[in-house]
Amino acid sequence: MRCTSLLVCVSALVTCASSAGILYPRESESREVKSLDGMWNFRLSLPDSLVGFKERWYMKDLSKTGPVIQMPVPSSYNDVIVDKKIRDHVGLVWYDKSFFVPESWRQQGYRVCLRFGSVNYAAQVWVNTHLVLSHEIGHLPFQRDITANLKFGRLNRITVAVDNVLLQTTVPQGSLQNISTNTGPKTIQTYTFDFFNYAGIHRSVFLYTTPIVYIDDVDVTTNYTEDGVGIINYNIQYGGSLSSGETLNCSITVLNNENVREKITVITNDEEGLSGVIKIENAKLWWPYLMHEEPGYMYTLEIRLSTTWNVDDVYRLPVGIRTIKWTNTAFLINNKPAYLRGFGRHEDSDIRGKGMDYALVTRDYDLIKWIGANSYRTSHYPYAEEIMDFADKHGIMIVDECPSVDTVNFSDKLLKKHTTSLAELIKRDKNRPSVIMWSIANEPRSDQKDADSYFKSVAIFVKNLDGSRPITAAIATQLDTDQLGQHLDIIGFNRYNAWYTLPGHTEIIKSRLEDEAAKWHAKHNKPVFMTEYGADSYAGLHMGPSFVWSEEYQVELMSEHFRAFDTLRSKNFFIGEMIWNFADFKTEQTVTRVGGNKKGIFTRQREPKSSAYHLRKRYWSLANRLDGAEFPCDIQPYVISNENQNNIEL
């Protein structure tokens with residue numbers, strides 16, 4: 001079913017491209033950005049998964065190879081068309097799109113890059129019949145200089161082959177199964193993770209230009225002094241070749257939220273100014289939402305790379321000044337203990353699947369702030385960069401998770417892909433103030449043989465790339481058999497008391513949860529937080545007394561967890577609570593799911609269940625008690641006047 005040549009090319013090109021930067025495309029005086037989003041031609045590779053390669057579909061317009069349909073990019077292709085064959089397709093699909101490249105780009109000597117925000121799971125890309133890009137591991141960006149492959153001032157064509165097959169050596173893992181049907185044998189995809197394996201070109205596709213010598217990557221770390229001086233350490237890497245005798249210089253300007261030049265001191269560490277220290281007097285710090293009256297404050301580094309004979313390159317990078325520290329009992333932002341109140345989430349919605357959509361993202365962040373949350377985990381894969389931008393600007397803390405979910409059958413080949421996913425994730429998100437932890441796995445089978453050495457290698461790998469943030473994971477195995485926790489800085493655990501264990505019996509939650517959390521801390525002497533708990537509820541199902549799947553039961557289960565969390569907070573090692581899930585989401589077809597996973601406090605359409613109002617009161621009460629935030633005026637609907645007990649209004 002899988003095209004072997006696709007995997008071979010992917011592995012080779014990912015390896016050779018891994019040292020380059022992956023800065024998000026931003027327009028400037030020296031850079032132009034052209035979106036290739038919109039309607040693309042699309043077709044399944046049927047009846048033979050390899051037919052597109054055998055017939056070389058990339059050599060001509062896709063419409064000339066057979067029937068095509070119009071498919072929006074970005075989106076998952078599965079749910080856009082009312083066709084079960086497309087929704088459940090296993091294997092390769094093909095896209096193509098024609099576009100013009102301005103002649104002015106050639107005349108100005110621009111270098112032109114093609115960048116994909118995400119293609120799931122593996123992709124090969126041709127430009128004007130030339131193979132230019134291959135990438136494996138969805139949810140992460142990839143790019144390549146395609147200047148030599150373009151026809152300036154003329155029509156160009158981009159062709160993409162997308163493979164959604166998951167195997168035991170992919171991240172995440174899956175298996176193929178052959179079944180007998182009325183029309184003959186059929187191969188289906190199986191996997192253990194509990195979300196739908198959406199596929200396609202999920203995020204935006206860009207062409208962007210740079211000068212010949214350009215800013216390739218930027219590394220930023222921040223700090224501040226007791227007298228209020230903000231410190232930004234920067235290191236800039238450049239790409240392109242300097243001519244003989246040509247000199248290179250770098251200058252930095254810091255802009256505040258109003259794009260006003262700050263009073264700054266720059267201390268350069270080398271004669272070219274490519275690394276150094278910036279000091280800002282009376283700096284405003286980046287604070288999480290509701291921990292400060294002005295959360296998510298961002299500066300902008302305006303970086304200008306100058307050469308003797310070439311055009312200057314200008315890139316503007318948003319930067320938040322904040323510190324992260326952790327002890328064996330606490331997690332601190334700007335030296336203040338932070339208590340995480342948030343969610344597990346998914347990139348998931350009707351029709352578009354995991355496709356990036358600004359209206360949806362705007363709605364989601366409005367709901368996150370409405371409910372009083374200050375954090376979430378990118379369960380179970382990296383989210384779109386545009387989503388992360390919102391987190392930076394709104395002060396939402398992110399536990400940034402790689403695509404390793406239900407990890408099992410540990411092998412060297414899997415380890416390489418697992419660490420590659422983390423390397424690409426860290427390279428993409430390393431400068432974001434919102435990213436407070438790296439999550440190296442969700443619910444791995446960490447009680448099995450070789451889990452100890454496997455995750456030790458993963459943890460060391462991440463620490464070597466970034467020691468400024470703690471590493472964590474969402475552990476589902478039992479404490480006495482787990483081999484992962486010892487390699488983490490902060491323990492996260494998932495547990496579904498009174499749902500998967502003794503459903504209906506909420507009376508078990510408080511004692512069990514308090515006991516387990518305390519034992520995790522006692523065993524590892526590290527901070528602990530709950531990364532998942534919850535219960536499915538079918539919106540509109542009301543039962544009294546409460547009964548599983550009813551909205552009342554979801555609320556009751558939450559309340560029992562709240563009792564345990566408050567006891568654990570008083571013991572000073574418990575640093576947060578994240579309910580599963582923010583919103584209902586689609587899963588594979590199973591009799592244990594009614595149209596998908598219904599553990600959301602919002603429906604898939606982002607409408608609140610009873611649990612949303614209940615959690616809102618909880619999170620705003622925590623914000624008020626721990627951070628001094630004022631309650632919103634509508635947190636409690638009017639019931640009765642405190643001054644006149646005879647005046648009742650319902």
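Author: Gladly, and residue classes come first: Ala, Val, Leu, Ile, Met, Phe, Trp, Tyr, Cys and Pro count as nonpolar, Asp, Glu, Lys and Arg as charged, and the others, Gly among them, as polar. The model is predicted, so local features need pLDDT of at least 70, side-chain atom pairs count only at 80 or more, and totals for chains, interfaces and linings use all residues. Residues are numbered from 1 along each chain as its sequence is written, and side-chain values use heavy atoms, leaving out hydrogens and water.

Reader: With those classes, how does the lining of the second largest cavity divide?

Author: That lining has six nonpolar, four polar and seven charged residues. The second largest cavity has a volume of about 130 Å³. Its lining is made by 17 residues, and the closest to the centre are Glu347, Leu360, Val361, Asp364 and Ile387. By the classes, Glu347 and Asp364 are charged, while Leu360, Val361 and Ile387 are nonpolar. Helix α5 (residues 358-371) gives the largest share of this lining, four residues.

Reader: How many cavities does the search of the whole structure find, and what is the volume of the largest cavity?

Author: Searching the whole structure gives seven cavities of 30 Å³ or more. The largest cavity has a volume of about 220 Å³. It is lined by 19 residues, of which Arg26, Leu317, Arg428, Asn431 and Arg432 are the closest to its centre. At least two lining residues come from each of β15 (214-224), β21 (313-319), α6 (385-394) and α7. The classes here are nine nonpolar, one polar and nine charged.

Reader: Which residues are the closest to the centre of the largest pocket?

Author: The largest pocket holds about 760 Å³ of space. Among its 24 lining residues, Asp88, His89, Val90, Lys186 and Ile188 are the closest to the centre. The elements that supply two or more residues are α3 (84-87) and β12 (184-190), and β12 gives the most, with five. This lining divides into eight nonpolar, nine polar and seven charged residues.

Reader: Why are α7 and α8 called roughly parallel?

Author: Axes are lines fitted to C-alpha atoms, for helices over the stretch in contact, with angles from 0 to 180 degrees between N-to-C directions. Under 35 degrees counts as roughly parallel, over 145 as roughly antiparallel, 65 to 115 as roughly perpendicular and the rest as oblique. Helix α7 (residues 412-429) and helix α8 (residues 451-465) pack at about 25 degrees, with their axes 10 Å apart. The two helices are therefore roughly parallel.

Reader: Which residues of α7 and α8 meet?

Author: Contact means heavy atoms within 4.5 Å. On the α7 side are Leu414, Leu415, His418, Thr419, Leu422, Ala423 and Ile426, and on the α8 side Tyr454, Phe455, Ser457, Val458, Phe461, Val462 and Leu465. The contact of α7 with α8 has 11 nonpolar, three polar and no charged residues.

Reader: Why are α9 and α10 called oblique?

Author: Helix α9 (residues 509-524) and helix α10 (residues 551-569) cross at roughly 40 degrees, their axes coming within 8 Å. The pair is therefore oblique. The residues in contact include Leu513 and Glu514 of α9 and Leu557 and Arg563 of α10. Seven nonpolar, two polar and four charged residues make up this contact.

Reader: Where are Pro74 and Tyr121 found?

Author: Pro74 lies in the loop between β3 (69-73) and α3, and a cis peptide bond with omega of about 5 degrees joins Val73 to Pro74. Tyr121 is in the loop between β6 (119-120) and β7 (122-127), and a cis peptide bond joins Asn120 and Tyr121, with omega of about 5 degrees.

Conventions: 1 Å grid on protein atoms, 1.4 Å probe; cavity = no way out; pocket = protein on both sides within 12 Å on 5 of 7 lines; lining within 4 Å. Points joined across faces, edges and corners; volume = space filled by probe spheres on them.
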